Amino acid sequence: MVRMAAAAASTFLLIAALVVPTASAAESAGGPYDPPTVPELMDRFGLPRALLPATARRYLLHDDGSFQLFLDGGCVAEAGGYRVGYGVKLSGAVAPGRATGLGGVRVRVLFAWVPVTAVEVAGGEVTVSLGPIKKSFPAAGFKSSPRCIAGAATPATASDG
């Protein structure tokens, strides 16, 4: 009876060892996929993290560079003396040092909200395109993510719907 119990126990341990992967086995097999965070993704593409508010946490990035980025909620922030409005969903295409075809981001110019269509980083400058108009800023000014202004109305954007 003792032999049978010992044999059953050793058989159980053998099966458990084969079926339940250990941490080292999961690590050697590459483990589960852990995608980069939004700030890490910005670093990979050479874009300042401070282009986006901290509420940007989820994204879809496709092989062709097109992306959708999701904020926890719409946001209006102050950045470099400008009011910037972020929709709940931002979209565009990303490549090293630039994001183009942007949707879901607007900047307040005088009395109107104007769509931001592209951002490019080169030579220590961040160039923001508002359609055909371009404005460059020192990259050093993009050190920390803009904070959403509580109670500020988010401008309507084409990609929110």
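Which residue forms a salt bridge with Arg83? The partner is Glu78, and the closest N and O atoms of the two residues are 2.8 Å apart. A salt bridge here is a side-chain nitrogen of Lys or Arg within 4 Å of a carboxyl oxygen of Asp or Glu.

The model is predicted, so local features need pLDDT of at least 70, side-chain atom pairs count only at pLDDT 80 or more, and totals for chains, interfaces and linings use all residues. Residues are numbered from 1 along each chain as its sequence is written, and side-chain values use heavy atoms, with hydrogens and water left out.

The search of the whole structure finds three salt bridges. Exposure was assigned from relative accessible area: buried means under 20%, exposed over 50%, and partly exposed in between (1.4 Å probe, protein chains only). Arg83 counts as partly exposed because its relative accessibility is 36%. Glu78 is also given as partly exposed, at 41%. Another salt bridge brings together the side chains of Arg49 and Asp43, at 2.6 Å from N to O. Arg49 has a relative accessible area of 42% and is therefore partly exposed. Asp43 has 41%, so Asp43 is partly exposed. Asp72 and Arg57 form a salt bridge as well, with their closest N and O atoms 1.9 Å apart. This pair links distant parts of the chain, 15 residues apart. Asp72 sits in the loop between strand S2 (66–71) and S3, while Arg57 belongs to strand S1 (residues 56–61). Strands are DSSP runs of E with at least two residues, and helices are runs of H or I with at least four; both are numbered from the N terminus.

The structure holds one disulfide. The term denotes a pair of cysteine sulfur atoms within 2.5 Å. Cys75 and Cys148 are the joined residues, with an S to S distance of 2.0 Å. Their link is left-handed, with -115° about the S-S bond. Distant parts of the chain are linked by this pair, whose members are 73 residues apart. Cys75 is in strand S3 (residues 75–79), and Cys148 is in the segment after strand S9 (133–138). Cys75 counts as buried because its relative accessibility is 1%. Cys148, in contrast, is partly exposed, with a relative accessible area of 35%.

Strand pairing was examined next. Two strands pair if DSSP finds at least two bridges between them. S2 and strand S4 (residues 82–95) run antiparallel and are joined by five bridges. Within this part of the model, Leu69 stands opposite Leu90 in S4. S3 also runs antiparallel to S4, again with five bridges. Ala77 has Val84 in S4 as its bridge partner. The hairpin of S3 and S4 has two residues between the strands, and Gly80 there takes a positive phi near 60°. S4 is joined to strand S5 (residues 98–109) by seven bridges, and these strands run antiparallel. Thr100 in S5 is the bridge partner of Ala93. Two residues lie between the strands in the hairpin of S4 and S5, where Gly97 takes a positive phi near 80°.

Leu110 lies in the loop between S5 and strand S6 (112–115). Leu110 counts as exposed because its relative accessibility is 75%.

Two further residues were examined through their contacts, meaning heavy atoms within 4.5 Å. Leu61 lies in strand S1. At a relative accessible area of 33%, Leu61 is partly exposed. Leu61 touches Leu41, Phe45, Ser66, Phe67 and Val94, not counting residues up to four places away in sequence. Its C-alpha atom is separated by 9.9 Å from that of Ser91, which is 30 residues apart from Leu61 along the chain. Ser129 is found in strand S8 (residues 125–130). Ser129 counts as buried because its relative accessibility is 8%. With residues up to four places away in sequence left out, Ser129 touches Pro115, Val116, Thr117, Ala118 and Lys134.
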